[in-house]
Amino acid sequence: MFEFLLVLLALLVIVTALFAVPFLRLNIVSNLVLKIFRRLLPQISQTEQEALDAGSVWWEGALFSGKPDWDQLLAYPKPTLTSEEQAFLDGPVEQLCAMLDEWHITHERHDLPPHVWQFIRENRFFSLIIPKEYGGLGFSALAHSEVVMKIGSRSNTAAVTVMVPNSLGPAELLLQYGTEEQKNYYLPRLANGTEIPCFALTGPDAGSDAGSIPDTGIVCRGVFDGHPDVLGIRLNWEKRYITLGPVATLLGLAFRLYDPDGLLGSEKEIGITLALIPTNTHGIQIGRRHYPLNGVFQNGPNSGKDVFIPMDWVIGGQDKVGQGWRMLMNSLSVGRSISLPATSVGAAKLSAWSSGAYGRVRVQFKSPVGYFEGVEEALARIAGNTYMMDAARVMTAGAVDLGEQPSVISAIVKYHLTERSRQIINDAMDIHGGKGICLGPSNYLARTYQQTPVGITVEGANILTRNMIIFGQGAIRAHPFTLREINAAWDRNQERGLQAFDEALAAHSKFTLGNALGSLIYGFSSRLVRNVPQNAASETIHYYQQLTRFSASFALLTDVAMLKLGGSLKRRERLSARLGDILSMMYLCSATLKRFEDDGRPAADLPLLHWSMQDALYRTQQALHEFLLNFPVNRMMRGLLRCIIFPLGMRCLPPADSLSHEVARLILTPGEVRDRLTAGIYLPKEENDPLALLEKALSCAIACEPVEARLRQAVRDKTLSSHENGLISQALALGIITSREAELLEQMKTLRRRVIMVDDFSPDFRQASSQYGETAA
């Protein structure tokens, strides 16, 4: 035993000396590790490298640190609208929503009506992001998000039509990379709706793997507009799923550029390049429309054969050839942060608002269905998820307005908000039952339900986003040391690279050890965490502590996974996905806590805060658990990691039934909490609109509840017979209710029936013909 302790002590002294003495660490440890590290580094393609370089690192970097600075998070300014932006929402956006009838649009016209297209153009809905000096509205990212969310709560067709020109498309690319001549010509025309843009990236053989674009451009000289010997590009392409493609006048195109004759220089394969091409250019073919799940936003294929364009049609001109992938990745990181999260939250808020009202109006077994525990469970999920989703939407838009291009965060909100929206609309359909599944003018959920998978598949399919992008990009971009070590390993100056690698490795080793100790200590009691906000609400301190603990555990597992698996980690997609889930849950929790603070800590919102935080922390714990179960290490190593991360076991619990009951009651009852939760959606004022009718029925149902309770008691007391048809008149005759209360009950019967009734059609009803209605083209 004594000899064993001496050997252990000697090993400890040697290891300490190797790391503590810089000369020894550099020439022995770092030199050896660097050689191994170079062998483990995965081969990264140019497009992968450009994706990794895209965007900026924001709060996700703090979550990789093991010790997030919560005071820094809460110090970020609360995102707010300007008076001009609010006026646009209250004016043109409200007017546009009032013009929209999604059943008429999707079932009868198969397009937005001409007067709606005209209104969108005249009121510059295509120019939300275009600066005022070019004739645009120059709105903030938050305003962009609010506009799309409000329209999306009314019509998915209109929301997609508005959001696409303001996301990844010609305007965004021109603003960042266009020449002054291109900006001055195209941006005013895009702003006033003279040009309708689309962007063609996806093709039959290049979907999720957009970097493998097969479409080609060959640098050559040709005749253009009557001028001979013009330097340009001869293009051949085939694209599909291009939103606004069938009606676009201006086509943004991504293709691979080749220069076989060396007209631009020595490079033969120049790389992915972007160009702007009027759709009336000779050789362009605009295909027939796609029909995505009864969604009738304009979408379709296009192609080009031997299309010659001058070199100055390249976005940014000749200087930007070959830089298209980097341009796309930077633009996508902003657009993906705004549009799809906004439409997802719009659908979630509509579901919360309508499901709460319907759950109170619809009665079964003499009780509102929203009072049944099974329905309460679904209502709580709807409300809790909506609260967290909206928090993430607003905080992410705020980051963009601070100048960030959050590539990792954009993937987080794209994936998790579209997936939670899918869960919410499923729950809403379950609550509505037959009301939800029968199509017709009075169904306010069905089109949203049908078109939910569209958001799941676009701008990075969700399976790809979860399994490859969130952690794959985050581990390199947001980790405090990984990128430094990779850059050092690739440094062609061997001596300089070794020095940089040694410095990063020393700091990284200390970082990993600190996170291992932090995870273990905090695992015994999160109360030992001290880096909580100085002025945090007492109800939230525990959540900051738990998140700090999970941040330390996440950082530790990230390091262990990269050390064990090296470059193969990106191929172990399910492990990468679980690490991405942990990072994502911590981001969503951060946004939720910030929302509570930014809203002024409303006590009435605490049930929503508690439900969403407890649900997300439980999911975080499960992701950690599942990662450890599947991590390919021996039993001893797995046991050690489990002891460090869960020294007292898995102690996070999902929201209790009593909390779900409390949350469900919040959206079953009109008031400040329900108003805050669903703020920003369109609420129609037309008396016969299905949603306006539902709100009227809700108010009436609440007013009738004490009267109906009195009638039920009279029936139990045998004062009244249980015959429904004559119950009101009996009660009135016996003085159990007043004449005003009798009128109220009769009104409730009428309203309840109108709300629960579904549309019906004649026996010879047929699905709409395959011929589309009039389009904006």
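Which residue of β5 stands opposite A254? The tour below reaches that pair after a view of the whole chain.

**Before starting**

This is a predicted model, in which local features need pLDDT of at least 70 and side-chain atom pairs count only at pLDDT 80 or more, while totals for chains, interfaces and linings use all residues. Residues are numbered from 1 along each chain as its sequence is written, and side-chain values use heavy atoms, with hydrogens and water left out.

**Stop 1: the whole chain**

Display the chain as a cartoon. It has 29 helices and nine strands; helices (H or I, at least four residues) and strands (E, at least two) are DSSP runs, numbered from the N terminus. The radius of gyration, taken over C-alpha atoms, is 30 Å, close to the 28 Å that the globule rule gives for 777 residues, so the chain is as compact as a globular protein of that length. That rule is 2.2 Å times the number of residues to the power 0.38. Along the principal axes, the C-alpha atoms fill a box of roughly 100 × 90 × 45 Å.

Next, colour the chain by accessibility. Of its 777 residues, 57% count as buried; buried means under 20% relative accessible area, exposed over 50%, and partly exposed in between (1.4 Å probe, protein chains only). The chain exposes about 33,000 Å², of which carbon and sulfur atoms supply 55%. These areas come from the Shrake-Rupley method with a 1.4 Å probe, and for residues only the protein chains shown count as cover.

Contacts (heavy atoms within 4.5 Å) can be sorted by sequence separation. Among those between residues at least 6 apart in sequence, 77% join residues at least 24 apart.

Colouring by charge shows 75 positive and 79 negative side chains, with the centres of the two sets 6 Å apart. Lys and Arg count as positive and Asp and Glu as negative, whereas His and the chain ends are not counted; each charge is placed at NZ of Lys, CZ of Arg, CG of Asp or CD of Glu.

**Stop 2: strands β4 and β5**

Select residues 250-258, which form strand β4, together with β5; nine bridges join these antiparallel strands. Two strands pair if DSSP finds at least two bridges between them. Within β5, L274 is the residue that stands opposite A254. Strand β5 covers residues 269-278, and nine of its 10 residues are buried, so it is largely enclosed by the rest of the structure.

**Stop 3: strands β2 and β3**

Centre the view on G217. Its bridge partner in β3 is L235, and its bridge partner in β4 is L257. β2 and β4 pair in the parallel sense, over three bridges.

**Stop 4: strand β7 and its partners**

Select residues 299-310, strand β7, which pairs with β3 (residues 227-243) in the antiparallel sense over nine bridges. Here E238 stands opposite S303 of β7. Strand β6 (residues 284-286) also runs antiparallel to β7, joined by three bridges, and I286 stands opposite N302.

Now pick D306, which is in strand β7. D306 has a positive phi of about 50° although it is not a glycine, and it is partly exposed, with a relative accessible area of 41%.

**Stop 5: G316**

Leaving aside neighbours within four places in sequence, G316 is in contact with Y177, G178, T179 and Q182. From G316 to T179, 137 residues away in sequence, the C-alpha separation is 4.9 Å.

**Stop 6: K366**

Move to the loop between β8 (363-364) and β9 (367-368), where K366 lies. K366 is not a glycine, yet it has a positive phi of about 65°. With a relative accessible area of 58%, K366 is exposed.

**Stop 7: K564**

Finish in helix α21 (residues 541-565), the place of K564. K564 counts as partly exposed, at 47% relative accessibility. Neighbours within four places in sequence aside, K564 is in contact with F631, P632 and V633. A distance drawn from K564 to V314, 250 residues apart along the chain, gives a C-alpha separation of 44 Å.
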